[in-house]
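Have the structure open as you read.

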Amino acid sequence: QASPSARSFQLDYEHNCFLKDGAPFRYISGSIHYARVPRPAWRDRLLKMYMSGLSAVQVYIPWNYHETLPGVYDFTGNRDVEAFLDLTAELGLLVILRPGPYICAEWEMGGLPAWLLWTPDIILRTSDPAYLAAVDSWLHILLPKIKPRLYQYGGNIISVQVENEYGSYYACDHGYLRHLLGSFRALLGSEVLLFTTDSTRAEELRCGTLQGLYATVDFGPGSNVTEAFGAQRRVEPKGPLVNSEYYTGWLDYWGEAHASTSTAWVAQGLEDMLQLGASINMQYMFHGGTNFAYWSGADYKDQYKPVTTSYDYDAPLSEAGDPTEKLFAIRTVISKFQPLPVGPMPPATPKYAYGWVALRKYADLLDVLDVLCPSGPIQSQFPLTFEALKQAHGFVVYHTQLPRDVLDPATLGAPPHSICDRGYVMLQKDYQGTLERDGQTTLNVTGRAGDTLDMLLENMGRISFGANTSDFKGLLGNLSLNSRPLSNWLIYPLAIDTAVQQGWPHAALPESSSGGRVGPAFYTGTFETPGIAWDTFVKFPGWSKGLLWINGFNLGRYWTCRGPQQTLFVPGSVLHVGRPNNITVLELEGAPPTPLLLFLDRPLYNRTLGRST
């Protein structure tokens, strides 16, 4: 029997439960991704999770959010994971930590840094020495921050997951899992409870589990609970039943319907599992949040499917952190099994409809390359990938000239799967149309020898799940004219965010811009808040596709014409009170004749709703 002073968190194989300080214990947990929630809102979201009756939160650490370049680390501001963990402890929540190195999470490249692909033949998530060297150097930075926060050392982290659904990955490399187990043990000590999570499929449990790591499973509402836990029992005959990812909702892809999961279904499944004495984490998601900037990932299911900016997930706490009917249903189920904290659920955060804001065109993108690429272009016979240019996210311009007169329409095209992910084509600076991965890959053009040809290439987010996580970006093959490759390129890696964060274009003199409304261009405007900075949602009536910055903060991608998402969430914490808020829009395809934005007090996630406003 553990002495009262000794803190411990262990497996009890005799009574099929966890032991916390020697007493039987089961957790009811929910997932929150700190990288998707603005830091000023962390406390609000965690408090609402605590007041829902949760005893723990499950937390991913995205490697690429912290190691931005090899050996360059960022743990400041929104990336201060230690401050986030301290806050969970202060609010009385336990933590189930998932430090990866791969996390999926529908996050850019599943949390793996894009710079790993600077070694083009690297084999990710395996015993490949190049990959393991990068992983080890990262774990040596991260895990020492985690160790003092483990439960047995007085902290609140009760368990740590190794890798993530590794059984779903084609490599099935047990040597890799063994290597991770060794690293985690060496850096976190022999006491900490380490575990894996996989689906209930036998093949995935074979490849994703390893002796020395406790095997847990994941499944959603509508599953036969007994059958699903039966799959866990086949690999772990004894020990606690654990569903590490109980799906309360689902994600949205651009161009597909908004996903939703029935509240009654979610509540019933939760009750069935709790009845069996299982420990459960509600993931995907308890609170989803937002894929700000370029952090959304993508899936590949017969075609490339990028994830929307909103990560609302139809979760119990909405994108803006508001309690939903689903949250109260879950709380009612929890109350049947354990007492709820005393006190009311904190209310929804106040929202404000700031109304219509007029923008004006600042400049066509091709006219401000000197600002967006201050170091100048790179010359190359043939196109280079983002990775060859060491550009992780965003945009690159590929510039060349027509080698001959093209008086009859000629086919401008690229080999299959070589436009990653969208290419906006300009001839003599006139927008011709867009080429797209797994979509339209040819355009007809005419012109004269020496006419300029520019393609603005957009990275829509690297694949985060499955075998294709080596998702190179940019022009991966030659662009050709009637099947004859074009050469002699000038390539401009764009640092748009750097410029916008430094106050451009608001601090710059206005460009004498063409009045045209099509093709990639910047639009600017300002608005004042009426003495309060409340959360809001911005709609893009008549706009096509692009990005929005307010006061230099990148709020992510909008894609009005494809949907389903019609609004972007704007946290009040990015707004100013008492001075103008600077809006910058990069529209890629075409702005409306009168460029206006509309600020609303509620989101529109579904295209069908979008038509009514």
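Which side chain meets Arg149 in a salt bridge? Asp86 does, at 3.0 Å from N to O. Keep in mind that this is a predicted model. The pair links distant parts of the chain, with Arg149 in the loop between H4 and strand S9 (157-161) and Asp86 in helix H3 (residues 81-90), 63 residues apart. Arg149 is buried, with a relative accessible area of 15%, while Asp86, at 40% relative accessibility, counts as partly exposed.

As a general point, side chains of opposite charge can pair when their charged atoms come close. For the model as a whole, the count comes to 32 salt bridges. Here are three of them:

| Pair | N to O distance |
|---|---|
| Asp44 and Lys48 | 2.9 Å |
| Arg149 and Asp86 | 3.0 Å |
| Lys545 and Glu458 | 3.0 Å |

Asp44 and Lys48 make a local pair: both sit in helix H1 (residues 42-51), four residues apart, or about one turn of the helix. Is Lys48 buried or exposed? Lys48 counts as buried, because its relative accessibility is 0%.

Now for the domains. The domain assignment gives domain 1 (9-336), domain 2 (355-362 + 497-600) and domain 3 (375-494). UniProt, in an unreviewed entry, lists residues 18-336 as "domain: Glycoside hydrolase 35 catalytic". That span is 31% helix and 19% strand, and its end C-alpha atoms lie 20 Å apart. An unreviewed UniProt entry also places "domain: Beta-galactosidase 1-like first all-beta" at residues 383-494. Here the make-up is 0% helix and 48% strand, with the end C-alpha atoms 15 Å apart.

How do domain 1 and domain 2 meet? Their C-alpha centres lie 34 Å apart, and the contact takes 21 residues from domain 1 and 20 residues from domain 2. About 1600 Å² is buried between domain 1 and domain 2, and carbon and sulfur atoms give 63% of that area. On the domain 1 side, look for Trp254, Phe292 and Tyr294: they supply 40% of the area that domain 1 buries against domain 2, more than any other three residues. How many salt bridges are counted between domain 1 and domain 2? The count is zero.

That leaves the nonpolar interior. In soluble globular proteins, nonpolar side chains tend to be buried together. In this model, the largest nonpolar core has 125 residues, and Tyr131, Ile146, Met282, Leu365 and Leu494 touch the most other members. Helix H4 (residues 129-146) gives the most to this core, with nine residues. A second, separate core has 27 residues, including Tyr354, Leu555, Val570 and Leu597.

Leaving aside neighbours within four places in sequence, its contacts include Ile28, Leu54, Tyr246, Leu270, Ile330 and Ile334. Also among the residues in contact with Met282 are Ser29, Gly30, Ser31 and Thr248.

Key. Residues are numbered from 1 along each chain as its sequence is written. This is a predicted model: local features need pLDDT of at least 70, side-chain atom pairs count only at pLDDT 80 or more; totals for chains, interfaces and linings use all residues. Side-chain values use heavy atoms; hydrogens and water are left out. A nonpolar core is a set of buried Ala, Val, Leu, Ile, Met, Phe, Trp, Tyr and Cys residues joined through side-chain atoms within 4.5 Å. Buried means under 20% relative accessible area, exposed over 50%, partly exposed in between (1.4 Å probe, protein chains only). Helices (H or I, at least four residues) and strands (E, at least two) are DSSP runs, numbered from the N terminus. Contact means heavy atoms within 4.5 Å. UniProt positions are given in the numbering used here, feature names are shortened, and annotations may be inferred rather than shown by experiment. Domain bounds come from an automatic or database domain assignment. Buried area is the accessible area (1.4 Å probe) that two parts lose on being put together, summed over both. A salt bridge is a side-chain nitrogen of Lys or Arg within 4 Å of a carboxyl oxygen of Asp or Glu.
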